[in-house]
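Here is a short report for a first look. Please keep the view open while you read.

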Amino acid sequence: MSDVLRIENLEKRYEDSIVLDDINITVKKGEVVVIVGPSGCGKSTLLRCLNGLEKIQEGSVVLEDQIVNPVSKNQEKVREKIGMVFQTYDLFPHMTILQNVMLAPLKVKKRNKQDVQTEALELLDRVGLLSKKDKYPRQLSGGQKQRVAIVRALIMHPEVLLLDEITAALDPEMVREVLDVVLSLAKEGRTMVIVTHEMQFAKAVADRVIFLDGGKIIEEGSSKEIFEHPKTDRLKTFLKSFTYDEQ
């Protein structure tokens, strides 16, 4: 598999505080990389650096040989290739679900309206929300809104999909419906970088897991290596705070 995304010697600072320190990650096409770690370790900041929402002070983020740089003239074109789903959904409340999904491909990519509508309906059907197409966000549950947010990202045809704690704001019974959608995307070979606190989900979906703490990569490896054979004391301590069923 070829490399899609390369993070090289990345450093992110806020004034004198180092948030991310010498981060090096390579993501291959079709790979699912899951980033775990304690709150405040820099996980979400890292995702925001990957799609140019945050400026970095050192190093580089490269998507298919194009540098991701917030101040670059071609940044919007590069960012179109990196989809991002946040925990807060960010749906427009005055638009129907279908209008929310269709907005970006019509306005940003200037695609044909009929083609976009056909694809939007297919994607909504796929995540079980076709019957909600004419509803407004306030009429949907949190899990349903998060599935719409995923569809909205997918319809832009991103090379890489970034998912930032997408179940954090959901009630426990709604988590499963969102994670099932992500698992199906992984099975079809979508390239994804996922930040999550759901360890059982991370174990199930990840090709590779990265454990971040204090802005540094402490350990990385396959799902089996990280969850069943952690090497560092820090990761062992972190995992002891979770319980996850052995399959």
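Which residue in E10 is the bridge partner of aspartate 213? Lysine 216 is that partner.

## Basis of the model

This is a predicted model: local features need pLDDT of at least 70, side-chain atom pairs count only at pLDDT 80 or more, and totals for chains, interfaces and linings use all residues. Residues are numbered from 1 along each chain as its sequence is written, and side-chain values use heavy atoms, with hydrogens and water left out.

## The open sheet

Six strands make an open sheet with mixed pairing, in the order E6-E7-E8-E3-E9-E10. Strands here are DSSP runs (E, at least two residues), as helices are (H or I, at least four), numbered from the N terminus. Two strands pair if DSSP finds at least two bridges between them. Strands E6 (82-85) and E10 (216-221) stand at the edges with a single partner strand each, so one side of each has no neighbour in the sheet. On average, neighbouring strands are turned by 20° against each other, direction ignored.

Strand E9 (residues 208-213) pairs with E10 in the antiparallel sense, over five bridges. E9 and E10 form a hairpin with two residues between them. Glycine 214, in the turn, has a positive phi of about 60°. Strands E7 (residues 160-164) and E8 (residues 192-195) pair in the parallel sense over four bridges. Aspartate 164 has valine 195 in E8 as its bridge partner. Helix H5 (residues 142-154) packs on the sheet and touches E6 and E7. Its direction makes about 170° with that of E6. Such angles run from 0 to 180 degrees between N-to-C directions, with axes fitted to C-alpha atoms, for helices over the stretch in contact.

## Nonpolar cores

A nonpolar core is a set of buried Ala, Val, Leu, Ile, Met, Phe, Trp, Tyr and Cys residues joined through side-chain atoms within 4.5 Å. Buried means under 20% relative accessible area (1.4 Å probe, protein chains only). The largest core has 52 residues, and Ile150, Met192 and Ile194 touch the most other members. Helix H6 (residues 172-187) gives the largest share of this core, nine residues. A second, separate core of 28 residues includes Val4, Leu20, Leu50 and Leu162.

Contact means heavy atoms within 4.5 Å. Beyond residues up to four places away in sequence, the contacts of isoleucine 194 include Val32, Leu163, Val182 and Phe201.

Key
Buried means under 20% relative accessible area, exposed over 50%, partly exposed in between (1.4 Å probe, protein chains only).
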